[in-house]
Amino acid sequence: MRCFAVLCGAMATEIVGSCGGDTPSPVADCANVDMGSCGNACCKMLVEVSMSTTEAMQTLNASLANGGPDGYFTLQPTAEGTLGFGDLRPFKTGVDFIGQVHHMTSGPKHYNDTIDITLTSTATGTMVKAFSLSLIGGALGDNGQSYKNIKMAMDGAFKSNGYKLSHVDDSCPEPESPLMM
């Protein structure tokens, strides 16, 4: 079988951004299912990156522009009048940047989720706090989509430089291991 370099490259790097309807989902990064821990399906994660908050914000903004890793992310306007991220440094709140992006699943129902992000300076770089929330009421069980939204956004921005992802609370928990017999 022959294929053209452009098409072969696109097929090799295609990212599946939706966990789909199969339970458990066979899609990568969809094992952290949330069962309505925020009154609806959600996920809250901390992400440590070794770059300044400005570099981290610019990297996130650039990676999520034009659809992001899977083509279904949309940067949102901020209260500060910018697209994607607002600069809070003049207010000296401790948070340098605040941002928001929506993600639409690629399945037949096209669910929408909001991912809210803050960036705070640390001694070693930046702490990114990311929170994903399903935007349809009654989402008791997201098949791992809230976690996947965050993981996919962070991989798109920081995978080449490395990052550390950790849980903040009981949302989107690690899957339980099978019982050892």
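Select Gln 76 and show its side chain: the side chain reaches the backbone oxygen of Thr 74 at 3.0 Å, a polar contact (a pair of N or O atoms within 3.5 Å; within protein, one must be able to donate a hydrogen and the other to accept it, and residues adjacent in sequence count only if both atoms are side-chain atoms). This is a predicted model, in which local features need pLDDT of at least 70 and side-chain atom pairs count only at pLDDT 80 or more, while totals for chains, interfaces and linings use all residues. Residues are numbered from 1 along each chain as its sequence is written, and side-chain values use heavy atoms, with hydrogens and water left out.

Stay on Gln 76, which sits in the loop between β2 (73-75) and β3 (85-87); strands are DSSP runs of E, at least two residues, numbered from the N terminus. With a relative accessible area of 14%, Gln 76 is buried (under 20%, 1.4 Å probe, protein chains only). Not counting residues up to four places away in sequence, Gln 76 touches residues including Gln 100 and His 102 (contact: heavy atoms within 4.5 Å).

Next, select Gln 100, whose bridge partner in β5 is Asp 116. Strands β4 (residues 97-104) and β5 (residues 112-122) run antiparallel, joined by 8 bridges; pairing requires at least two DSSP bridges between two strands.

Move along β5 to Ile 117. Ile 117 is buried at 1% relative accessibility, and its bridge partner in β6 is Ala 130. Beyond its neighbours within four places in sequence, Ile 117 contacts, among them, Leu 60, Phe 85, Phe 97 and Met 154.

Finally, show β5 with β6 (residues 125-134): 10 bridges join these antiparallel strands, and the two form a hairpin with 2 residues between them.

Note on methods
Helix = DSSP H or I, 4+ residues; strand = E, 2+ residues; numbered from the N terminus. Buried < 20%, exposed > 50% of the residue type's maximum accessible area, 1.4 Å probe, protein only.
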